[in-house]
Amino acid sequence: MGKLVTEVRSFYSLKELSERLEEKIDSYKTVVEEYNQRLGSLLREMEATHGKEEWSKEISSLQKSSKGGKNKGKKKEDSSSGWVEFKDIILSTEQKGEAHILFEATEEINSKITQLTKIRDTVEDLKKLGLGEDILYITYLHDEVPEKIVLRKKNGKEAREKFEFMATLYASKSL
């Protein structure tokens with residue numbers, strides 16, 4: 001199964017949860033850097049193929065439409081904008097369309113980074129409260145962002161499961 005959008009996951013310490021958040025933040029930052037590089041290359045290519053003035057107008061309209069397209073449903077596009085609706089998806093064959101989705105994706109990912117950073121800071125504040133290591137943090141994650149945490153006292157079995165190690169060792173006698 002791929003990534004779950006909604007998930008319930010247990011963490012054995014706030015440190016473990018904090019590390020998971022930091023990994024996600026770093027991962028998203030890497031994706032944003034990659035998209036920004038692609039976008040930069042695409043914009044340079046568009047500037048070379050279009051005139052400087054026309055190119056500037058197109059880019060500012062892309063930025064405005066990407067910021068205006070915050071609604072969760074699919075927004076209707078007209079064919080004059082370079083997008084065509086086909087059943088449940090919207091299609092484009094233009095470079096401007098690619099630039100548009102890169103703008104939109106980086107904006108969405110940056111928003112996710114902001115959310116995760118706020119949650120990480122909140123977890124750090126929880127650490128300062130001195131919650132013990134004998135607590136299990138059952139966490140409701142929605143779209144990889146912790147939204148709710150149930151605090152449960154670990155019983156002996158749960159603590160043992162975390163540190164259980166099984167191995168089979170083989171020893172051979174050297175001649």
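## A sheet and the helix across it

Tyr137 stands opposite Leu151 in strand β5. Strands here, like helices, are DSSP runs numbered from the N terminus (E with at least two residues for strands, H or I with at least four for helices). Before going on, note that this is a predicted model: local features need pLDDT of at least 70, side-chain atom pairs count only at pLDDT 80 or more, and totals for chains, interfaces and linings use all residues. Residues are numbered from 1 along each chain as its sequence is written, and side-chain values use heavy atoms, with hydrogens and water left out.

Strand β4 (residues 135-142) runs antiparallel to β5, and eight bridges join the two. Two strands pair if DSSP finds at least two bridges between them. Three strands make up an open antiparallel sheet, in the order β1-β4-β5. Its edges are β1 (6-11) and β5 (145-153), each pairing on one side only. On average, neighbouring strands of this sheet are turned by 20° against each other, direction ignored.

Now for the helix: α1 (residues 14-49) lies across β1, β4 and β5, running at about 135° to β1. For such angles, axes are lines fitted to C-alpha atoms, for helices over the stretch in contact (heavy atoms within 4.5 Å), and the angles run from 0 to 180 degrees between N-to-C directions.

## Salt bridges

The structure holds nine salt bridges, each a side-chain nitrogen of Lys or Arg within 4 Å of a carboxyl oxygen of Asp or Glu. One of them joins Lys112 and Asp143, with the closest N and O atoms 2.8 Å apart. This pair links distant parts of the chain: Lys112 sits in helix α3 (residues 95-128) and Asp143 in the loop between β4 and β5, 31 residues apart. Lys112 counts as buried at 9% relative accessibility, while Asp143 is partly exposed at 35%. Buried means under 20% relative accessible area, exposed over 50%, and partly exposed in between (1.4 Å probe, protein chains only).

Another pair is Lys153 and Asp134, whose closest N and O atoms are 2.2 Å apart. Lys153 belongs to strand β5 and Asp134 to the loop between α3 and β4, 19 residues apart. Lys153 is exposed, at 61%, and Asp134 partly exposed, at 35%. Salt bridges that share partners also join Glu22, Arg120 and Asp121 into one network.
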